[in-house]
Amino acid sequence: MIARWLCRFTLYGLSAAVVMVLLGHFNADTMLSPFGNTISVYAAMDPLGPVEVGIYVSGVACLSLWGAMMAARIHVGKILSTALIVGGGGFLLAAMIPTVEVDAPMTTGGWIHRYASIVGCTALLVAALWLTRLADREGWAEITVALRATTWVSALSGLAVIGSMFWGSREYIGLYERILCASLLATLIVVSAHLLRQPGIARRPVALAV
């Protein structure tokens, strides 16, 4: 029962987060561009607006998916557990400590936000890789193709973000980041939706493997 409630929160929470972030883009400052400005900048320009709330919800949903799999007695593993916890925590920290607004000098809080976001996204990419392995091990054949696709998109867009950040003068960093976040959240949505379709999943023995 607990596993199913946590899965529902993950699924509906992530879906709501996507909608909130999209709504925040429609009402954003006209000087912002989804291609050149990151999601974090949109949140900073509208404190406690839908984009910032969406980041909070995404972070909590990452943690709830971990809790759901533990409650469902799935062989989660230490690496996947750590990745989901660090990913969710990174998103929550990034939401609590916003970045600076456009054209403002970088502050300590801005640097904390940036690295919290990087750590969070990197951890969720690791989680996506291990969720794909988990799907193979658990025999979740109906979602393995989808997980491989979203993981590949996440990895390639992550490389694009790094390239834009360090060698591309941050050109199109907003676009690459949105693809990265969308694919990472899609991975979690696919897994949570799959778990909700498993009626007897919570009756299996507890196991925490590496």
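These exercises walk through a predicted model of one protein chain.

**Exercise 1. Work out what secondary structure the protein chain has and in which order its elements run.**

Step 1: Count the elements. The protein chain has 7 helices and 0 strands.
Step 2: The order is α-α-α-α-α-α-α.

**Exercise 2. Decide how compact the protein chain is for its length.**

Step 1: Take the radius of gyration, which is 17 Å.
Step 2: Along the principal axes, the C-alpha atoms fill roughly 55 × 30 × 30 Å.
Step 3: Of the 210 residues, 45% are buried.
Step 4: Check the contacts. Take those between residues at least 6 apart in sequence; 73% of them join residues at least 24 apart.

**Exercise 3. Describe how helix α1 meets helix α7.**

Step 1: Locate the helices. α1 spans residues 2-26, and α7 spans residues 173-196.
Step 2: Take distance and angle. The axes come within 8 Å and cross at roughly 150°.
Step 3: Name the arrangement. Angles over 145 degrees count as roughly antiparallel, so α1 is roughly antiparallel to α7.
Step 4: The crossing of α1 past α7 is left-handed.
Step 5: List the residues in contact. From α1 they include Arg4, Cys7, Leu11, Leu14 and Val18. From α7 they include Arg178, Leu185, Leu188, Ile189 and Ala193.
Step 6: Sort the contact residues by type. The contact of α1 with α7 has 10 nonpolar, 4 polar and 3 charged residues.

Conventions:
Residues are numbered from 1 along each chain as its sequence is written. This is a predicted model: local features need pLDDT of at least 70, side-chain atom pairs count only at pLDDT 80 or more; totals for chains, interfaces and linings use all residues. Side-chain values use heavy atoms; hydrogens and water are left out. Axes are lines fitted to C-alpha atoms, for helices over the stretch in contact, and angles run from 0 to 180 degrees between N-to-C directions. Helices (H or I, at least four residues) and strands (E, at least two) are DSSP runs, numbered from the N terminus. Angles under 35 degrees count as roughly parallel, over 145 as roughly antiparallel, 65 to 115 as roughly perpendicular and the rest as oblique. A crossing is left-handed if the near helix is turned anticlockwise from the far one by less than a right angle, and right-handed if clockwise. Contact means heavy atoms within 4.5 Å. Ala, Val, Leu, Ile, Met, Phe, Trp, Tyr, Cys and Pro count as nonpolar, Asp, Glu, Lys and Arg as charged, and the others, Gly among them, as polar. The radius of gyration is taken over C-alpha atoms; the globule rule is 2.2 Å times the number of residues to the power 0.38. Buried means under 20% relative accessible area, exposed over 50%, partly exposed in between (1.4 Å probe, protein chains only).
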